[in-house]
Amino acid sequence: MEARFTRGKSAILERPLSRPKTEVSVSAFALLFSEVVQYCQSRVYSVSELQARLAELGQRVGASLLDVLVLRERNGKRETKVLNILLFIKVSVWRALFGKEADKLEQANDDDRTYYIIEKEPLVNTYISVPKENSTLNCAAFTGGIIEAILTHSGFPAKVTVHWHKGTTLMIKFDEAVIARDKALEGR
């Protein structure tokens, strides 16, 4: 009788906890995310409110995602420098969310507090049909919320906004205290 429970593939209780299967069907993601957008859209009156609601949902995801990724990728060690946390987001976070690195990470020429993560074709915008009256809608506000939560919970308070430029650009503007702390760490 016991043999029928152990035949075939290993039982779910015997699988390691460290690396579960991380791939999700794109069609399942597209369906779920479009339902999230429709749900949020039915409860707001403007595009800016919809983007704010998506960003708020993204912040909830980002807070949980940070703990998981820091534990898996960094063995519990958190970043202390601005450039390192941005590279962590560009590589590790993007890979965990979308299966690839972000296209570009740039710093503004005129402001040392501002950085840009550029994604030419974000997955969150791929399967969303936007009517003409809402042409300014950028569903990557959800991703912006995730990034803002990761930065804030890592000790790098910042405001993340999403813009249509070279595809989709996430503009990250750090607080003055973050940049001052980073410069002090460089001086050591």
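Helices (H or I, at least four residues) and strands (E, at least two) are DSSP runs, numbered from the N terminus. In these terms, Tyr127 is found in the loop between α5 (123-126) and α6.

## Basis of the model

The structure is a predicted model, in which local features need pLDDT of at least 70, side-chain atom pairs count only at pLDDT 80 or more, and totals for chains, interfaces and linings use all residues. Residues are numbered from 1 along each chain as its sequence is written, and side-chain values use heavy atoms, with hydrogens and water left out.

## Overall architecture

The protein chain contains seven helices and four strands. From the N terminus on, these elements follow the order α-α-α-α-β-β-α-α-β-β-α.

Of the 188 residues of the chain, 36% count as buried; buried means under 20% relative accessible area, exposed over 50%, and partly exposed in between (1.4 Å probe, protein chains only). Contact means heavy atoms within 4.5 Å. Among contacts between residues at least 6 apart in sequence, 57% join residues at least 24 apart.

## Nonpolar core

A nonpolar core is a set of buried Ala, Val, Leu, Ile, Met, Phe, Trp, Tyr and Cys residues joined through side-chain atoms within 4.5 Å. The largest such core has 41 residues, and those with the most contacts inside it are Ile89, Ile147, Leu151, Ile172 and Phe174. At least two residues of this core come from each of α2 (26-41), α3 (47-73), α4 (82-98), β2 (114-119), α6 (141-153), β3 (158-164), β4 (168-174) and α7 (176-186).

Leaving aside neighbours within four places in sequence, Phe174 is in contact with Val82, Leu86, Arg113, Tyr115, Leu151, Phe156, Pro157, Ala158 and Ile179.

Trp94 lies in helix α4 and counts as buried because its relative accessible area is 1%. Not counting residues up to four places away in sequence, Trp94 touches Ile89, Gly99, Lys100, Glu101, Ala102, Ile117, Glu119, Thr143, Ile147 and Leu170. The C-alpha atoms of Trp94 and Thr143 are separated by 9.6 Å, with the two residues 49 apart along the chain.

Tyr127, in the loop between α5 and α6, has a relative accessible area of 46% and is therefore partly exposed. With neighbours within four places in sequence left aside, Tyr127 is in contact with Val26 and Ala30. Val26 is 101 residues from Tyr127 along the chain, and their C-alpha atoms are separated by 9.6 Å.

## Cysteines

A disulfide is a pair of cysteine sulfur atoms within 2.5 Å. By this rule the count comes to zero disulfides. Cys40 is in no disulfide, its nearest cysteine sulfur being that of Cys139, 9.4 Å away. For Cys139, the closest cysteine sulfur is in Cys40, and the 9.4 Å between them is too far for a bond. Cys40 counts as buried because its relative accessibility is 1%; Cys139 also counts as buried, at 1% relative accessibility.

## Second largest pocket

About 220 Å³ of space lies in the second largest pocket. On a 1 Å grid over the protein atoms alone, a pocket is an open set of points where a 1.4 Å probe fits, with protein on both sides within 12 Å along at least five of seven lines; lining residues have an atom within 4 Å of a point. Grid points are joined across faces, edges and corners, and a volume is the space filled by probe spheres set on the points.

Thirteen residues line this pocket, and the closest to its centre are Gln51, Ala52, Ala55, Lys159 and Val160. α3, α6 and β3 each supply at least two residues of the lining, and the largest share, five residues, comes from α3. The lining divides into five nonpolar, six polar and two charged residues. Here Ala, Val, Leu, Ile, Met, Phe, Trp, Tyr, Cys and Pro count as nonpolar, Asp, Glu, Lys and Arg as charged, and the others, Gly among them, as polar.
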